[in-house]
Amino acid sequence: MKRSTEEYQRKVVWISAALLGWFRTAARPMAWRETRDPYRIWVSEIMLQQTRVETVAPYYERFLSKFPDVRSLANARLDDVLKAWEGLGYYSRARNLHRAAGILSARHGAEVPCTVEALEALPGIGRSTAGAIAAIAFGADVPILDANARRVVARLFAVEGDPRSGRVERILWKRSASLVRRGKGRDTALAVMDLGAVVCLPKAPRCKECPLRSRCSSYLRGLQDSIPPKRTKKVVPHHDIVAGVFRRPDGALFLMRRPSDGLLGGLWAFPSGRRDPGETLEDALRRSVREKLQVRAVIQREVGVVRHAYSHYRITLHGFLCETSGGALPAGEGSGWLPGHGEGTFALPRADRKLVELIHREAGK
Ligand code: SF4
């Protein structure tokens, strides 16, 4: 027993050193790595959740030029925050960031806290993101377990089983923690992220180029392609969505704000609904407009079809130019007019934004 513990200790010490040695020459340059400002690091970590580095880079700069610190974010209108997030997806991240900034501003002197526990208590920050912020911004010697770390650690120690199951996850947290040497929390977190992003890839790990291969249990046992186990692909549902396009003579388009909780919450979209089985697109549109706006839609013609894949489903969005009959479009907080040039402060879901572009293209013909 004692011997195997010693062997394990030797192994983790060797891996940590090799990992940090590799990181010194292979670290990926990123704007958010050039700062120690906890606010900027927090924003970057939230943006990077389920989103690629290349996608995040321009959003990060724009977002920070609009909201340079906790207080400016807390004082901003949610609409403006969502607008700065438009196109980045997973909008609950933006809503939570805004809420968390409000909490920090009201109760913590607008400072980002430095401990995992305090960070985890904020909306939108899970244990791994809390660990990443604590390690990267404050140099805390704490582990992370984001998607990359999960895969790297599972392979290094040949931890079999579903890494998202409670039992396996507990083992992975322990293994991840064992890699963190005193005073090296920041570099270890970044190194694990980078190794997972460029060497220990999900589909075809580049073991031949890996600095850890001589101590990687999966590589030594030929298990690198089966750890973590492939997840069975879920059938992605598809929905036909019909949208009513109401256009004013000046070209402005009528939009409604989506409920703040739930998918694409707080964004502005065309009044729309899902087509039921057996329903024609036109019938679905008339029904949806009646339910949402309490007016009758007089359909003129189809003005655009957009296909788009969200994270858990795909849609085909059919936009129909309409006029109203038997009532007026609602006016007030939950409704608005997107100016004819398409700009303004409205944040739209990607599919609706594409539909706006099609409508403009059609109008410009
Ligand atoms: S040897 Fe292969 S499986 Fe092991 S950590 Fe390196 S890339 Fe990943």
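# Notebook: ligand shell, domains, sheets and a few residues

I began at the ligand. It has 15 residues around it, and the closest are Cys200, Cys207, Cys210, Cys216 and Tyr219. I noted that the model is a predicted one. Next I looked up which elements build the shell. Helices α9 (147-156) and α12 (217-220) each supply at least two of its residues. The largest share comes from α9, with three residues. I then sorted the shell by class. I found 10 nonpolar, two polar and three charged residues around the ligand.

**Entry: the whole protein**

I stepped back to the overall picture. The protein has 365 residues, and 38% of them count as buried. I listed 14 helices and seven strands. The C-alpha atoms fill a box of roughly 85 × 50 × 35 Å along the principal axes.

**Entry: two domains**

I looked up the division into domains. Domain 1 covers 2-220 and domain 2 covers 238-364. Their centres, taken over C-alpha atoms, are separated by 38 Å. I then turned to the contact between them. Domain 1 puts in 11 residues and domain 2 puts in eight. On the domain 1 side, α5 (78-85) and α6 (92-107) are the elements that give two or more residues. Helix α5 gives the most there, with six residues. By class, I found four nonpolar, two polar and five charged residues on that side.

**Entry: Arg93**

I picked a residue in helix α6, namely Arg93. Is Arg93 buried or exposed? Arg93 counts as buried, because 20 C-beta neighbours lie inside 10 Å. I looked up what Arg93 touches, leaving out residues up to four places away in sequence. The list is Ile46, Gln49 and Gly124. I also checked the pair Arg93 and Ile125. They are 32 residues apart in sequence, and their C-alpha atoms are 9.2 Å apart in space.

**Entry: Asp69**

I went on to Asp69. Asp69 sits in the loop between α3 (53-66) and α4 (70-75). I counted 16 other C-beta atoms within 10 Å of Asp69, so Asp69 is partly exposed. The cut-offs settle this: a residue is buried at 20 or more such atoms and exposed at 12 or fewer.

**Entry: helix α8**

I took helix α8 next, residues 127-138. Its 12 residues reach 16 Å from the first C-alpha to the last, close to the 16 Å expected at 1.5 Å a residue. How many residues of α8 are buried? I found 10 of the 12, so α8 is largely enclosed by the rest of the structure. Among the buried ones are Ser128, Thr129, Gly131, Ile133 and Ile136. I asked what they pack against, and found α2 (38-47), α7 (116-120) and α11 (185-198). After α8 comes Gly139, and its phi is positive, near 70 degrees.

**Entry: strands β1, β5 and β6**

I moved to the strands. Strand β1 (238-246) pairs with β6 (314-325) in the parallel sense, over nine bridges. I followed Val242 across and found His318 as its bridge partner in β6. Strand β5 (296-309) also pairs with β6, in the antiparallel sense and over 12 bridges. Here I followed Val298, and its partner in β6 is Glu323. I noted that β5 and β6 form a hairpin, with four residues between them.

**Entry: the open sheet**

I looked up the sheet that holds β2. Three strands form this open sheet, in the order β3-β2-β7, with antiparallel pairing. The edge strands are β3 (268-269) and β7 (335-338), and each pairs on one side only. Strand β2 (253-257) is joined to β7 by four bridges. One residue I checked was Leu255, which has Gly336 as its bridge partner in β7.

Methods. Residues numbered from 1 in each chain as written. Predicted model: local features only at pLDDT ≥ 70, side-chain atom pairs only at ≥ 80, totals over all residues. Pairing = 2+ DSSP bridges. Expected span 1.5 Å × (residues − 1). Contact = placed C-beta atoms within 7 Å. Domains from an automatic or database assignment. Nonpolar A, V, L, I, M, F, W, Y, C, P; charged D, E, K, R; others polar. Near = placed C-beta within 6 Å.
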